[in-house]
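Biologist: Hi, could you walk me through this one with me? I'd like to start with the aromatic rings.

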Amino acid sequence: EVINQLRNLQRKPKATDIFLHIVTLFLEEQSKQIMPMLFKNRDDKWEKLRKARETNNNVDDLEEKYKEAIKDISESSFGIENIFREIGQIYEMHKTVGVTYKDPLPDLTAAIIYNGFSFEIMDGEAGNIPRTWLRDVFDAVDQIADGKQCSTFSVLGIQSSGKI
């Protein structure tokens with residue numbers, strides 16, 4: 001549905017920007033409802049693990065539960081960047097097996113990038129760089145820019161460390 005909406009708004013940068021911000025706010029609101037519980041669970045597990053380490057009592061089991069709590073947080077975090085990463089992964093997979101799209105996904109993404117909406121285009125956690133996707137998106141940005149210079153800003157850091 002997101003792709004269909006973006007396709008409908010492709011030639012309306014302001015409307016696209018508003019749509020993406022609404023989706024972002026919606027996803028953030030959903031996260032706000034579940035994440036506090038997950039953070040509390042992680043903190044509780046950490047406190048139990050810390051106390052157990054002081055007494056060398058049942059540490060292995062508590063370490064595993066703490067790792068599970070961290071994994072739950074990571075798996076429950078979902079935003080607009082996840083949608084774009086999945087679009088890129090789907091595109092990459094289809095290109096690999098020879099499937100072509102009627103809708104130019106790189107063009108849609110390039111227009112969004114060119115109009116100033118920032119998002120993660122690849123997931124550093126996955127260990128996979130979708131080269132075909134990136135090349136096609138940046139080629140489309142280059143076509144939109146029509147010879148003008150474009151600047152990008154990249155932020156590297158540990159996941160969920162507050163990079164904005």
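Modeller: The structure holds 2 aromatic pairs, meaning rings of Phe, Tyr or Trp (its six-membered ring) with centres within 6.5 Å. This is a predicted model, where local features need pLDDT of at least 70, side-chain atom pairs count only at pLDDT 80 or more, and totals for chains, interfaces and linings use all residues. Residues are numbered from 1 along each chain as its sequence is written, and side-chain values use heavy atoms, leaving out hydrogens and water.

Biologist: How are the rings of Trp 46 and Tyr 66 arranged?

Modeller: Their centres are 5.3 Å apart and the planes sit at 50°, so the pair is tilted; under 30 degrees would be stacked and over 60 edge-to-face.

Biologist: Which helices do they come from?

Modeller: Trp 46 is in helix H2 (residues 13-55) and Tyr 66 in helix H3 (residues 59-76), 20 residues apart, so the pair links distant parts of the chain. Helices here are DSSP runs (H or I, at least four residues), numbered from the N terminus.

Biologist: What follows H6?

Modeller: Asp 146, with a positive phi near 50°.

Terms used:
Helices (H or I, at least four residues) and strands (E, at least two) are DSSP runs, numbered from the N terminus.
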